[in-house]
Amino acid sequence: MLVILFTAGIQARDTTGVPETVHTTSLEAGWEFPPQSARTRAYWWWLNGNVTRASITRDLEAMQARNWGGAVIFDGGGADANKNDQVKHGPDFLSAEWRDLYRHALHEARRLGLELSLNIQSGWNLGGPMVTARDAAKNLVWSELQVNGPVAFDAVLHMPELRDDYGKEVAVVAFRLREDLASDRPPMQSWREKALHDRLNRSAPKTAFLLEDVEGQRGEQDALVGEVLDLSQQLEAD
């Protein structure tokens, strides 16, 4: 189980009405015996959900022995970063087994005088066994078909590749391919990242490349918005 430290900080407290004698003793005692609100907290990573009751107790007792204030539980992956091996998957986030481990962590934290908080999702997307594919985070995907015309076109358009057998048709559009465009013109750079189809270099991306691109040339676009035809109403159920 990976433990990462937050940096500790000091927060000013309201001393209105506190006797002067208490100011001195509280300040001196506060440095030697800091209050709960000023103690170090652990970024407590439940790596791929791979935790047990025994490991929870061990970690919390280690925090308490070092006078930490508590921890924030973060259930998530990431073990396979930098070509490391993946950690064995534990109980699914918010499953009955996971919730039992969470309750155990709360009871142990109370016993040891620690405070716990919880990241309300597993990894970077809100999830859990109760979240259906209909309610999950989604990507806009597409399939493409080229047709030589003019021609009366009547055929089945294939759905793009789906995940968890879930998909919903949004629109069918068409535009004319221009034959006058140079085939070697530079394409839009990093378009998959710009459209959020590919991840942006993990959780702390350097996003300058999203604002940079090859300078556009007049008339190089594939199509203008007004040239795109919406054919959604001309499709049948199949």
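Contact means that heavy atoms lie within 4.5 Å of each other. This briefing uses that term for a predicted model, in which local features need pLDDT of at least 70 and side-chain atom pairs count only at pLDDT 80 or more, while totals for chains, interfaces and linings use all residues. Residues are numbered from 1 along each chain as its sequence is written, and side-chain values use heavy atoms, with hydrogens and water left out.

**Overall layout**

- The protein has four helices and six strands; helices (H or I, at least four residues) and strands (E, at least two) are DSSP runs, numbered from the N terminus.
- Along the sequence, these elements follow the pattern β-α-β-α-β-α-β-β-α-β.
- Of the 238 residues, 19% count as buried, where buried means under 20% relative accessible area, exposed over 50%, and partly exposed in between (1.4 Å probe, protein chains only).
- Among contacts with a separation of 6 or more, 78% come from residues 24 or more positions apart.

**Helix 3**

- Helix 3 covers residues 96-112, 17 residues in all, and reaches 25 Å from its first C-alpha to its last.
- That reach is close to the 24 Å expected at 1.5 Å a residue, the expected span being 1.5 Å times one less than the number of residues.
- Its buried residues are Trp 98, Leu 101, His 104, Ala 105, Glu 108, Ala 109 and Leu 112.
- The face turned away from the buried side carries the exposed residues Ala 96, His 107 and Arg 110.
- The buried residues of helix 3 pack against strand 2 (41-47), helix 2 (53-65), strand 3 (70-76) and strand 4 (115-118).
- Just after helix 3, Gly 113 has a positive phi of about 75°.

**Helix 2 against helix 3**

- Helix 2 and helix 3 pack at an angle of about 25°, and their axes are 10 Å apart.
- That angle makes helix 2 roughly parallel to helix 3, since angles under 35 degrees count as roughly parallel, over 145 as roughly antiparallel, 65 to 115 as roughly perpendicular and the rest as oblique.
- Axes are lines fitted to C-alpha atoms, for helices over the stretch in contact, and angles run from 0 to 180 degrees between N-to-C directions.
- On the helix 2 side, Arg 53, Ile 56, Thr 57, Leu 60, Glu 61 and Gln 64 take part in the contact.
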